[in-house]
Amino acid sequence: MIITVTLNAAIDKSLSVPNFRLGRRHRTVDQTTMPGGKGVNVARTLKTLGQPVIATGFAGGATGTRIVEHLTEESILNDFVRIREESRTNTAVLDPTNGQQTEINERGPAVTPKEVELFRDKLLYLARGADVVVFAGSLPRGVEPEIYASLIRDLHKLDVQTMIDADGEPMRHAVRAEPHVISPNVLEAEELVGHEFNDDEDRAIAVRELVQLGPREAIMTLPDGCIACVQEEGQPALYRVWIEEREAVAPVGSGDAFLAGFVAARYIGSSPAECLTFGVACGAESTQRLGAGLIEPREVDRLLNQIEVERVELPAEVP
């Protein structure tokens, strides 16, 4: 079983609005409304790929009820902790004429210490039957930034693999707890190592630096794929995996689909290179859908033949 954790779950509205301009009245030509938050998006993709997954986190108020109801309608198993304050609603406006997307994300509810402890108890109970727990996304108000790190340490005592995709202080604390895999994008990786990257050589050095911060493996997602430092036969291996960039319908959520693809392939015992390749295929396919976490498995299989994989020489360890 795979568990995804979304502490700041949401209802996500995605609107397609041609020639979008601020301060004007518009009509949509397409729209979707679905449960969201990075962990929820990962769960949706995993469900589509046929992997056993359960989504958990916080859900509050009428919006929280909608989140749970919609997930149930999608046949995604879920077990959320109900909280007093209202879960958030996020809105993304995509202009299909130029590919630009504008996002408005609410800050989310305030969560009490008692509600946090209820969630901890629930997660550790669910984890008794889990192989992997994926933490993804931002934290709601009132939750300490050390929460991911604390939960990762608790799960390691149960011999459960942990993976995380987050940013800022929660991610900084989490890497020190030595999760099995971290999956930041370029900006998040730059924030973690403390400097910018100019090219693939810089990024290769950076994923090595990321591993030295604590995690067993590090994957940096890129617009055309990823660069990763993974364990292969007990030794670190560096891979650059990419696909020719395609015009995106909606790029938001592609990193979540990538992580889900990677987790799905790893869950069935695929090699590190195969896991990265499948992740890139899922991420690329998701850019063609309006709504995060949506993929078509047959299209993913078709894209696998278009992906390039290069084993890269490991840079010297950073002193």
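Predicted model: local features only at pLDDT ≥ 70, side-chain atom pairs only at ≥ 80, totals over all residues.
Start at one pair of residues: in strand S14, the bridge partner of Glu232 is Gln235.

Glu232 lies at a turn. Strands S13 and S14 form a hairpin with two residues between them. Strands of a sheet pair through backbone hydrogen bonds, either parallel or antiparallel.

S13 has another partner. Strand S12 (residues 217-222) runs antiparallel to S13, and five bridges join them. Ile219, for example, has Ala228 in S13 as its bridge partner. S12 and S13 also form a hairpin, again with two residues between the strands. How enclosed is S13 (residues 225-232)? Six of its eight residues are buried, so S13 is largely enclosed by the rest of the structure.

Now turn to another sheet. Four strands form an open sheet in the order S3-S2-S7-S8, and the pairing is mixed. Strands S3 (30-36) and S8 (100-105) stand at the edges. Each has a single partner strand, so one side of each is left without a neighbour in the sheet. From one strand to the next, the twist averages 15°.

Look at one pair in this sheet. Strand S2 (residues 10-16) and S3 pair in the antiparallel sense over seven bridges. Asp30 in S3 is the bridge partner of Ser16. A helix lies over these strands too. Helix H2 (residues 61-73) lies across S2, S3 and strand S7 (88-95). H2 runs at about 100° to S3.

Next come two helices. Two packed helices are described by the angle between their axes and the distance between the axes. Helix H3 (residues 113-126) and helix H4 (residues 147-156) pack at an angle of about 30°, with their axes 11 Å apart. Angles under 35 degrees count as roughly parallel, so H3 is roughly parallel to H4. The crossing is right-handed.

Which residues of H3 and H4 meet? Val116, Phe119, Arg120, Leu123 and Leu124 in H3 meet Ile147, Ser150, Leu151, Asp154 and Leu155 in H4. By class, this contact has seven nonpolar, one polar and two charged residues.

H4 has other neighbours as well. Seven of its 10 residues are buried, so H4 is largely enclosed by the rest of the structure. Among the buried ones are Tyr148, Ala149 and Ile152. The buried residues of H4 pack against H3, strand S9 (132-136), strand S10 (161-165) and helix H5 (168-176).

Definitions and conventions
Residues numbered from 1 in each chain as written. Heavy atoms only, no water. Axes fitted to C-alpha atoms, helices over the stretch in contact; angles between N-to-C directions. Parallel < 35°, antiparallel > 145°, perpendicular 65-115°, else oblique. Left-handed = near helix turned anticlockwise from the far one by under 90°. Contact = heavy atoms within 4.5 Å. Nonpolar A, V, L, I, M, F, W, Y, C, P; charged D, E, K, R; others polar. Buried < 20%, exposed > 50% of the residue type's maximum accessible area, 1.4 Å probe, protein only. Pairing = 2+ DSSP bridges.
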